[in-house]
Amino acid sequence: MPRGPFVSVTRIVFLVVTAVFAVLAGRELYASIRTASISIVAERIERGETVTDDVAAKYAARTIDIVDGHYCRSDIVAAGVTLVLAQLDRQNVNVNYDAWAAAASSARHYMQHALSCMPTNSNFWLRLAAVQSVIAEDPLSVAEMMKRSVALAPHDESMILTRFYFWNDFTNATLSTAKAALDSDLVTMLKLGDRCRVNATIKEISPQLRPIFDRTWAGLGDGATARFRQRCSK
(Lines give C-alpha, C1' and ligand atoms only; values in the text may rest on other atoms or scores of the structure.)
Protein backbone atom coordinates (compact mmCIF):
# COMPACT_ATOMS: atom_id res chain seq x y z
CA MET A 1 0.00 0.00 0.00
CA PRO A 2 2.70 2.61 0.84
CA ARG A 3 4.29 2.13 -2.59
CA GLY A 4 1.45 3.83 -4.44
CA PRO A 5 2.10 7.43 -3.28
CA PHE A 6 5.85 6.88 -3.59
CA VAL A 7 5.52 5.79 -7.20
CA SER A 8 3.26 8.74 -7.92
CA VAL A 9 5.72 11.25 -6.45
CA THR A 10 8.63 9.66 -8.33
CA ARG A 11 6.67 9.79 -11.55
CA ILE A 12 5.81 13.45 -11.01
CA VAL A 13 9.45 14.32 -10.29
CA PHE A 14 10.53 12.44 -13.41
CA LEU A 15 7.99 14.25 -15.55
CA VAL A 16 9.01 17.65 -14.14
CA VAL A 17 12.71 16.99 -14.73
CA THR A 18 11.99 15.71 -18.23
CA ALA A 19 9.95 18.81 -18.99
CA VAL A 20 12.72 21.11 -17.73
CA PHE A 21 15.32 19.39 -19.87
CA ALA A 22 12.98 19.51 -22.86
CA VAL A 23 12.50 23.27 -22.41
CA LEU A 24 16.26 23.83 -22.08
CA ALA A 25 17.01 21.67 -25.11
CA GLY A 26 14.32 23.50 -27.07
CA ARG A 27 15.80 26.88 -26.15
CA GLU A 28 19.28 25.77 -27.20
CA LEU A 29 17.92 24.45 -30.49
CA TYR A 30 16.05 27.70 -31.07
CA ALA A 31 19.21 29.70 -30.32
CA SER A 32 21.24 27.56 -32.74
CA ILE A 33 18.69 28.01 -35.51
CA ARG A 34 18.30 31.74 -34.93
CA THR A 35 22.06 32.39 -34.95
CA ALA A 36 23.14 29.77 -37.53
CA SER A 37 23.76 32.30 -40.31
CA ILE A 38 25.70 34.55 -37.93
CA SER A 39 27.98 31.64 -37.03
CA ILE A 40 28.47 30.69 -40.69
CA VAL A 41 29.53 34.20 -41.73
CA ALA A 42 31.80 34.52 -38.68
CA GLU A 43 33.52 31.24 -39.57
CA ARG A 44 34.13 32.50 -43.11
CA ILE A 45 35.75 35.65 -41.75
CA GLU A 46 37.90 33.66 -39.32
CA ARG A 47 39.09 31.42 -42.17
CA GLY A 48 40.12 34.49 -44.15
CA GLU A 49 37.52 33.98 -46.86
CA THR A 50 36.14 36.94 -48.78
CA VAL A 51 33.00 38.42 -47.24
CA THR A 52 31.54 41.49 -48.92
CA ASP A 53 30.97 44.67 -46.96
CA ASP A 54 27.21 44.38 -47.40
CA VAL A 55 27.12 40.84 -46.02
CA ALA A 56 29.46 41.69 -43.14
CA ALA A 57 27.33 44.71 -42.22
CA LYS A 58 24.08 42.75 -42.45
CA TYR A 59 25.19 40.01 -40.08
CA ALA A 60 27.05 42.33 -37.73
CA ALA A 61 23.75 44.18 -37.29
CA ARG A 62 22.04 40.90 -36.45
CA THR A 63 24.28 40.38 -33.42
CA ILE A 64 21.76 42.54 -31.57
CA ASP A 65 19.62 39.39 -31.57
CA ILE A 66 22.28 37.70 -29.44
CA VAL A 67 22.24 40.55 -26.94
CA ASP A 68 18.47 40.94 -26.84
CA GLY A 69 18.02 37.17 -26.62
CA HIS A 70 20.48 37.04 -23.70
CA TYR A 71 22.36 34.24 -25.42
CA CYS A 72 25.49 33.34 -23.49
CA ARG A 73 26.57 30.12 -25.19
CA SER A 74 30.28 30.45 -25.88
CA ASP A 75 30.18 29.56 -29.58
CA ILE A 76 27.36 32.00 -30.29
CA VAL A 77 28.97 34.81 -28.30
CA ALA A 78 32.35 34.26 -29.99
CA ALA A 79 30.76 34.39 -33.45
CA GLY A 80 29.22 37.74 -32.60
CA VAL A 81 32.56 39.08 -31.37
CA THR A 82 34.15 38.17 -34.70
CA LEU A 83 31.42 39.97 -36.63
CA VAL A 84 31.27 43.23 -34.66
CA LEU A 85 35.05 43.59 -34.60
CA ALA A 86 35.33 42.81 -38.31
CA GLN A 87 32.65 45.41 -39.03
CA LEU A 88 34.54 48.02 -37.01
CA ASP A 89 37.80 47.18 -38.78
CA ARG A 90 36.12 47.81 -42.14
CA GLN A 91 35.15 51.37 -41.23
CA ASN A 92 37.22 54.48 -41.89
CA VAL A 93 36.52 57.36 -39.54
CA ASN A 94 37.85 59.83 -42.12
CA VAL A 95 35.63 58.55 -44.92
CA ASN A 96 32.31 57.91 -43.18
CA TYR A 97 32.26 59.06 -39.58
CA ASP A 98 28.64 58.07 -38.96
CA ALA A 99 29.22 54.48 -40.09
CA TRP A 100 32.38 54.28 -38.01
CA ALA A 101 30.67 55.69 -34.92
CA ALA A 102 27.77 53.24 -35.27
CA ALA A 103 30.15 50.29 -35.68
CA ALA A 104 32.24 51.39 -32.69
CA SER A 105 29.19 51.83 -30.47
CA SER A 106 27.79 48.47 -31.55
CA ALA A 107 31.12 46.74 -30.90
CA ARG A 108 31.41 48.22 -27.42
CA HIS A 109 27.82 47.28 -26.57
CA TYR A 110 28.33 43.75 -27.81
CA MET A 111 31.66 43.28 -26.01
CA GLN A 112 29.99 44.35 -22.78
CA HIS A 113 27.39 41.64 -23.35
CA ALA A 114 30.12 39.09 -24.11
CA LEU A 115 31.86 39.92 -20.84
CA SER A 116 28.61 39.72 -18.89
CA CYS A 117 28.47 36.12 -20.13
CA MET A 118 32.16 35.31 -19.72
CA PRO A 119 33.79 37.76 -17.29
CA THR A 120 36.91 35.59 -17.00
CA ASN A 121 37.69 35.68 -20.72
CA SER A 122 41.03 37.47 -21.08
CA ASN A 123 40.62 38.00 -24.82
CA PHE A 124 37.23 39.71 -24.41
CA TRP A 125 38.69 42.18 -21.90
CA LEU A 126 41.47 42.92 -24.37
CA ARG A 127 39.02 43.46 -27.24
CA LEU A 128 36.86 45.76 -25.15
CA ALA A 129 39.95 47.77 -24.22
CA ALA A 130 40.86 48.02 -27.90
CA VAL A 131 37.37 49.16 -28.87
CA GLN A 132 37.28 51.69 -26.06
CA SER A 133 40.67 53.07 -27.06
CA VAL A 134 39.41 53.58 -30.61
CA ILE A 135 36.34 55.47 -29.40
CA ALA A 136 38.14 57.51 -26.74
CA GLU A 137 41.27 56.32 -25.02
CA ASP A 138 40.44 57.11 -21.44
CA PRO A 139 43.63 55.91 -19.70
CA LEU A 140 41.93 54.77 -16.50
CA SER A 141 39.24 52.62 -18.12
CA VAL A 142 41.45 51.18 -20.85
CA ALA A 143 44.21 50.41 -18.34
CA GLU A 144 41.73 48.66 -16.04
CA MET A 145 40.54 46.44 -18.90
CA MET A 146 44.11 45.59 -19.85
CA LYS A 147 44.94 44.79 -16.23
CA ARG A 148 42.07 42.31 -16.15
CA SER A 149 43.19 40.72 -19.40
CA VAL A 150 46.71 40.26 -18.03
CA ALA A 151 45.47 38.94 -14.68
CA LEU A 152 43.27 36.35 -16.38
CA ALA A 153 45.97 35.08 -18.77
CA PRO A 154 49.39 36.10 -17.39
CA HIS A 155 51.36 33.28 -19.04
CA ASP A 156 49.41 32.54 -22.22
CA GLU A 157 51.93 33.30 -24.95
CA SER A 158 49.36 33.88 -27.69
CA MET A 159 47.47 36.32 -25.51
CA ILE A 160 50.64 38.12 -24.44
CA LEU A 161 51.76 38.56 -28.04
CA THR A 162 48.30 39.75 -29.03
CA ARG A 163 48.24 42.22 -26.16
CA PHE A 164 51.65 43.51 -27.23
CA TYR A 165 50.08 44.66 -30.51
CA PHE A 166 47.69 46.86 -28.53
CA TRP A 167 50.24 47.98 -25.94
CA ASN A 168 52.25 49.16 -28.94
CA ASP A 169 49.41 51.43 -30.02
CA PHE A 170 48.28 52.93 -26.71
CA THR A 171 49.16 56.43 -25.53
CA ASN A 172 51.79 57.27 -22.93
CA ALA A 173 49.05 57.97 -20.40
CA THR A 174 47.51 54.51 -20.76
CA LEU A 175 50.90 52.78 -20.67
CA SER A 176 51.80 54.66 -17.51
CA THR A 177 48.47 53.89 -15.82
CA ALA A 178 48.75 50.18 -16.64
CA LYS A 179 52.48 50.01 -15.82
CA ALA A 180 52.37 46.90 -13.61
CA ALA A 181 50.34 44.90 -16.14
CA LEU A 182 52.51 46.06 -19.03
CA ASP A 183 55.71 45.20 -17.15
CA SER A 184 54.32 41.74 -16.39
CA ASP A 185 53.61 41.09 -20.07
CA LEU A 186 57.00 42.34 -21.24
CA VAL A 187 58.97 40.38 -18.65
CA THR A 188 57.05 37.16 -19.29
CA MET A 189 57.35 37.58 -23.05
CA LEU A 190 61.10 38.19 -22.97
CA LYS A 191 61.93 35.56 -20.34
CA LEU A 192 59.65 32.73 -21.43
CA GLY A 193 58.41 33.51 -24.94
CA ASP A 194 59.28 31.57 -28.05
CA ARG A 195 62.30 33.32 -29.57
CA CYS A 196 61.04 33.41 -33.14
CA ARG A 197 57.48 34.43 -32.33
CA VAL A 198 58.65 37.19 -30.02
CA ASN A 199 61.20 38.45 -32.55
CA ALA A 200 58.47 38.74 -35.17
CA THR A 201 56.20 40.57 -32.73
CA ILE A 202 58.76 43.15 -31.55
CA LYS A 203 60.03 43.98 -35.02
CA GLU A 204 58.36 47.40 -34.85
CA ILE A 205 57.95 49.17 -31.52
CA SER A 206 56.16 52.50 -31.20
CA PRO A 207 57.99 55.58 -29.91
CA GLN A 208 55.89 55.68 -26.73
CA LEU A 209 56.51 52.01 -25.92
CA ARG A 210 60.20 51.96 -26.91
CA PRO A 211 61.70 53.43 -23.69
CA ILE A 212 59.62 51.08 -21.51
CA PHE A 213 60.57 48.09 -23.64
CA ASP A 214 64.26 49.05 -23.62
CA ARG A 215 64.29 49.41 -19.83
CA THR A 216 62.70 45.99 -19.44
CA TRP A 217 65.16 44.46 -21.91
CA ALA A 218 68.13 46.00 -20.08
CA GLY A 219 66.75 44.96 -16.70
CA LEU A 220 66.66 41.29 -17.69
CA GLY A 221 70.35 41.31 -18.59
CA ASP A 222 72.24 39.93 -21.56
CA GLY A 223 71.85 36.35 -20.43
CA ALA A 224 68.07 36.50 -20.66
CA THR A 225 67.89 38.37 -23.94
CA ALA A 226 70.88 37.04 -25.90
CA ARG A 227 68.75 34.31 -27.49
CA PHE A 228 66.64 36.92 -29.27
CA ARG A 229 69.67 38.05 -31.24
CA GLN A 230 69.81 34.72 -33.02
CA ARG A 231 68.23 34.51 -36.44
CA CYS A 232 65.01 32.64 -37.00
CA SER A 233 64.38 30.59 -40.10
CA LYS A 234 61.43 31.64 -42.23
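Analyst: Start with burial. A residue counts as buried when its relative accessible area is under 20%. Keep in mind that this is a predicted model.

User: Is methionine 145 buried or exposed?

Analyst: Methionine 145 has a relative accessible area of 12%, so it is buried. Its place is in helix H8, residues 139-152.

User: What is methionine 145 in contact with, beyond its neighbours within four places in sequence?

Analyst: Trp125, Leu128, Ala129 and Gln132. Take alanine 129: it lies 16 residues from methionine 145 in sequence, yet the C-alpha to C-alpha separation is 5.5 Å.

User: How do I read the packing of helix H6 against helix H7?

Analyst: Look at the angle between the axes. Over 145 degrees counts as roughly antiparallel. The axes of H6 (residues 97-117) and H7 (residues 122-136) cross at roughly 155° and come within 9 Å. H6 is therefore roughly antiparallel to H7. Their crossing is left-handed.

User: Which residues meet there, and of what kind are they?

Analyst: From H6, they include Trp100, Ala104 and Met111; from H7, Phe124, Leu128 and Val131 are among them. The contact of H6 with H7 has twelve nonpolar, two polar and two charged residues.

User: Now a loop case. Where is asparagine 168 found, and is it buried or exposed?

Analyst: Asparagine 168 sits in the loop between helix H9 (157-167) and helix H10 (172-177). The same cut-off applies: under 20% is buried. At 16% relative accessible area, asparagine 168 is therefore buried.

User: What does the side chain of asparagine 168 reach?

Analyst: The backbone nitrogen of serine 206, at 2.7 Å. Beyond four places in sequence, asparagine 168 is in contact with Glu204, Ile205, Ser206, Gln208 and Leu209.

Conventions
Residues are numbered from 1 along each chain as its sequence is written. This is a predicted model: local features need pLDDT of at least 70, side-chain atom pairs count only at pLDDT 80 or more; totals for chains, interfaces and linings use all residues. Side-chain values use heavy atoms; hydrogens and water are left out. Axes are lines fitted to C-alpha atoms, for helices over the stretch in contact, and angles run from 0 to 180 degrees between N-to-C directions. Helices (H or I, at least four residues) and strands (E, at least two) are DSSP runs, numbered from the N terminus. Angles under 35 degrees count as roughly parallel, over 145 as roughly antiparallel, 65 to 115 as roughly perpendicular and the rest as oblique. A crossing is left-handed if the near helix is turned anticlockwise from the far one by less than a right angle, and right-handed if clockwise. Contact means heavy atoms within 4.5 Å. Ala, Val, Leu, Ile, Met, Phe, Trp, Tyr, Cys and Pro count as nonpolar, Asp, Glu, Lys and Arg as charged, and the others, Gly among them, as polar. Buried means under 20% relative accessible area, exposed over 50%, partly exposed in between (1.4 Å probe, protein chains only). A polar contact is a pair of N or O atoms within 3.5 Å; within protein, one must be able to donate a hydrogen and the other to accept it, and residues adjacent in sequence count only if both atoms are side-chain atoms.
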